[in-house]
Amino acid sequence: MKLDVDVLRYLSKDDFRVLTAVEMGMRNHEIVPAELVDRIASLKHGGTYKVLKNLLRHKLLHHDSSKYDGFRLTYLGYDFLAIKTLVKRGVFMAVGRQLGVGKESDIFEVACEDGTVLAMKLHRLGRTSFRAVKSKRDYLRHRSSYNWLYLSRLAALKEFAFMKALEEHGFPVPSAVDCNRHCVIMSLVQGYPLVQVKELQNPETVFNTILGIVVRLAEHGLIHCDFNEFNIMIDDDEKITMIDFPQMVSVSHQNAQMYFDRDVECIFKFFRKRFNMSFQENTDDADGSDIEADESNRPTFSSISKASGFLDKELAASGFTRKDQDDIEKFIGDVTGKVIGSDDEGTDDGNDTGSDDEGADNEHDSESKEADDIGVGSLRLVDKDESTLKCNEEDEKVQIQQNCEIGQESGLQTQEESVEEEDNDTLNEHDAELTKRIEKQRRRAVAAARGGRKSLSSRNSYKDKGGKSSHNSKIQKQLSNW
């Protein structure tokens with residue numbers, strides 16, 4: 001999206017207040033509901049919705065009503081928030097022309113109050129040409145969900161931190177000035193990308209300088225991972241400046257050797273094609289073995305002494321964090337403790353062998369005496385147990401006989417009770433039949449007494465309206481006659 005700074009002149013405080021409210025809501029919302037924006041902005045008399053219309057017209061916000069009515073920031077709105085903050089800090093006062101466009105950033109000129117020209121880099125991750133950034137870069141670390149604006153902010157913070165640290169250690173990098181959100185302000189490099197240079201006065205000197213930078217970075221614990229002709233600036237005096245640092249990793253990374261070899265290969269390949277440089281090939285046949293030919297000046301990852309610094313630990317570069325260092329130290333401490341403990345146990349066993357041999361015979365005699373005593377006691381216990389078992393068996397037989405007699409007596413009693421219950425049931429059945437007969441006779445007598453009377457019909461039986469009521473009254477009459 002094109003950065004049109006002219007719109008920035010006509011935005012009011014309320015516009016920036018609503019933009020900030022949407023940014024705050026996007027911390028935990030992909031699409032911020034309109035009610036939440038209104039609540040965070042807290043403008044009077046419902047002014048939030050009027051401001052939202054104005055921001056939508058300038059494409060600073062995007063409206064989404066697929067799931068619910070909500071808004072999200074666009075990159076242009078995020079640019080305006082960052083520029084407004086940096087202008088308030090007094091970092092720069094004006095925005096100039098666009099210097100370059102990359103796959104993940106745009107670069108503009110900015111001018112300070114005293115006329116100094118700086119470079120402003122706006123990170124724009126998530127473009128169609130570079131959407132695999134989540135798998136290629138480790139901006140997210142342990143997070144699972146992400147937003148492109150948030151990823152751009154992380155990339156800007158990482159680049160600013162690396163640029164600041166490398167400048168302090170004397171590397172040829174732009175001087176970092178300030179950073180806000182996804183925007184990084186740095187000094188403007190007076191030069192050209194190496195890819196645009198067709199001729200060099202001293203190509204070998206430039207080549208050795210670039211290789212020296214790669215080796216120095218590795219000695220300080222860092223690997224650039226994108227060190228090619230597009231990220232190397234050169235001026236008229238053939239002075240080299242290195243740019244683009246968000247993708248740097250530590251030498252402790254699992255793929256560090258591959259990244260290092262790739263950077264070196266990019267440099268060799270470019271100078272071989274562009275400047276027709278031929279590199280000497282040495283073969284060492286002193287041992288009588290065939291060794292593959294390789295450039296004499298090509299550095300290898302294994303030959304670099306990584307003792308010049310620990311920038312990867314200080315900046316927590318990819319592949320090495322403070323937690324990893326703590327785990328390593330803890331593991332080393334545990335291993336040494338186990339080794340010391342095993343040595344102590346071995347010395348104690350050697351000192352105690354003599355005393356064990358001397359007391360072996362005494363222990364054997366005492367054990368034999370104890371075994372004899374235990375054998376005699378066990379025989380006595382066996383005799384007592386046999387006598388108790390016999391007594392218990394006789395008692396059980398007596399109890400079984402008593403239980404049988406009691407069971408026979410209880411069986412006779414239950415038979416007598418069942419006979420009595422059957423007699424009672426037969427008597428009750430005869431009584432029930434008699435009561436039924438008496439009831440029938442009583443009903444017949446009542447019916448005969450009421451036979452001469454007219455049956456009572458409903459109040460409206462004389463009315464024959466031809467409806468349901470008249471039909472029912474007729475049925476009642478017939479029933480009463482029957």
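**Salt bridges in the predicted model**

E439 is partly exposed, with a relative accessible area of 34%, where partly exposed lies between buried (under 20% relative accessible area) and exposed (over 50%), using a 1.4 Å probe and protein chains only. The structure is a predicted model, in which local features need pLDDT of at least 70 and side-chain atom pairs count only at pLDDT 80 or more, while totals for chains, interfaces and linings use all residues. Residues are numbered from 1 along each chain as its sequence is written, and side-chain values use heavy atoms, leaving out hydrogens and water.

E439 is joined to R442 by a salt bridge, with 3.1 Å between the closest N and O atoms; such a bridge requires a side-chain nitrogen of Lys or Arg within 4 Å of a carboxyl oxygen of Asp or Glu. The two residues are three apart in helix 11 (residues 360-449), so about one helical turn separates them. Helices (H or I, at least four residues) and strands (E, at least two) are DSSP runs numbered from the N terminus. R442 is also partly exposed, at 47%.

Across the whole structure, eleven salt bridges are found. One of them pairs K103 with D226, whose closest N and O atoms are 4.0 Å apart. K103 sits in the loop between strand 4 (94-101) and strand 5 (105-111), and D226 in the loop between strand 10 (222-223) and strand 11 (232-234), so the pair ties together parts 123 residues apart in sequence. K103 is partly exposed at 37% relative accessibility, whereas D226 is buried at 16%.

A further salt bridge joins K121 and E159 (3.0 Å, N to O). K121 belongs to strand 6 (residues 117-123) and E159 to helix 6 (residues 148-168), 38 residues apart. Both K121 and E159 are buried. Finally, D79, D106 and R124 are linked in a salt-bridge network.
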